[in-house]
Amino acid sequence: MSSSTRVAPLGTDPYAFQPGYYDLFRASRGEDALPDPRFFADRAPRGGHALEIGAGTGRITLAVAERAATVLCLERSATMRAVLLAKLAERPHLRPRVTVLDRAAPHFDLARRFDFVYLAGVLEHVPHPERPALFEAIAGHLAEDGEVAMDMVLSEPVPDWPEHVTDEATLGDCRYEMSCEARPDGDDQAHLRFVYRTYHQGDLVATEVVERAHYLHRPDAVIADLAAAGLTPMAGTALHPVADGEDPGTLVARRTT
């Protein structure tokens, strides 16, 4: 059986090939999959209005939408948006609550404020110089008594590892495998290379490659930029290195009073 290889060019949609695999591998992890929807959903005010920056395929969106009156989602990836819309099509009770827009952080102006703003697995895609503008945009869209929640505020070292298999799942006669390679690429930054391989009855039939930058946002720098935007972390914020079964670097902030 012949095998094909596709490579997503740098600078294009970093999720060009990934949305289907994204949910498949997270489903195989069950409740251990990160980001944890419960962390964000539990903070969403019942009956409030939420803004999600970087909705992806909607794993967190759907959980928050079960509590919030409305969720406005910003997502730049067309392939990710397509999966999210398909999920909403299967959940008629959520359709009036969720709006999905083709927008990207940090440059957005929605001319309204929200009770809850959240970023799940998003900061790693934000270049460090854009972080202050992102927090200023969030502050400008946050209600006076609103909260912003995020993860990926990390103290861990810059990743540096050879390609190795990180996830696999089986559907019918096909086995899907994801491997990842990371190498340092400047201060608090790494270059990631993901390889997705599809095997049919043991034969490799397809390979898809995605490469992108990974930015590590450190607690002290994040807290300083939040303060400059008029936002203060709440007591009890959990900032720590990533460990198995933990939420990576979660942080919740409110307007400075």
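A residue is buried when its relative accessible area is under 20%, exposed when that area is over 50%, and partly exposed in between (1.4 Å probe, protein chains only). This is a predicted model: local features need pLDDT of at least 70, side-chain atom pairs count only at pLDDT 80 or more, and totals for chains, interfaces and linings use all residues. Residues are numbered from 1 along each chain as its sequence is written, and side-chain values use heavy atoms, with hydrogens and water left out.

**Exercise 1. Describe the protein chain as a whole.**

Step 1. Take burial. Of the 257 residues in the protein chain, 50% are buried.

Step 2. Take the helices and strands. They are DSSP runs (helices H or I, at least four residues; strands E, at least two), numbered from the N terminus. The protein chain has six helices and twelve strands.

Step 3. Take the contacts. Contact means heavy atoms within 4.5 Å. Among contacts with a separation of 6 or more, 66% join residues 24 or more positions apart.

**Exercise 2. Work out how α5 and α6 are oriented to each other.**

Step 1. Locate the helices. Helix α5 spans residues 131-140, and helix α6 spans residues 219-228.

Step 2. Read the geometry. Axes are lines fitted to C-alpha atoms, for helices over the stretch in contact, and angles run from 0 to 180 degrees between N-to-C directions. The two helices pack at about 45°, with axes 9 Å apart.

Step 3. Classify the angle. Under 35 degrees is roughly parallel, over 145 roughly antiparallel, 65 to 115 roughly perpendicular, and the rest oblique. Therefore α5 and α6 are oblique to each other.

Step 4. List the contact residues. From α5 come R131, P132 and F135; from α6 come A221, V222, D225 and L226.

**Exercise 3. Find the buried side of α6.**

Step 1. Pick out the buried residues. In α6 these are P219, V222, D225 and L226.

Step 2. Check their directions. The arc is that of the directions from the helix axis to the C-beta atoms. It covers only 135° around the axis, so these residues lie on the same side of α6.

Step 3. Look at the other face. Turned away from the buried side, it carries the exposed residues D220 and A228.

Step 4. Find the cover. The buried residues of α6 are covered by elements including α5, β6 (142-150), β11 (231-233) and β12 (251-255).
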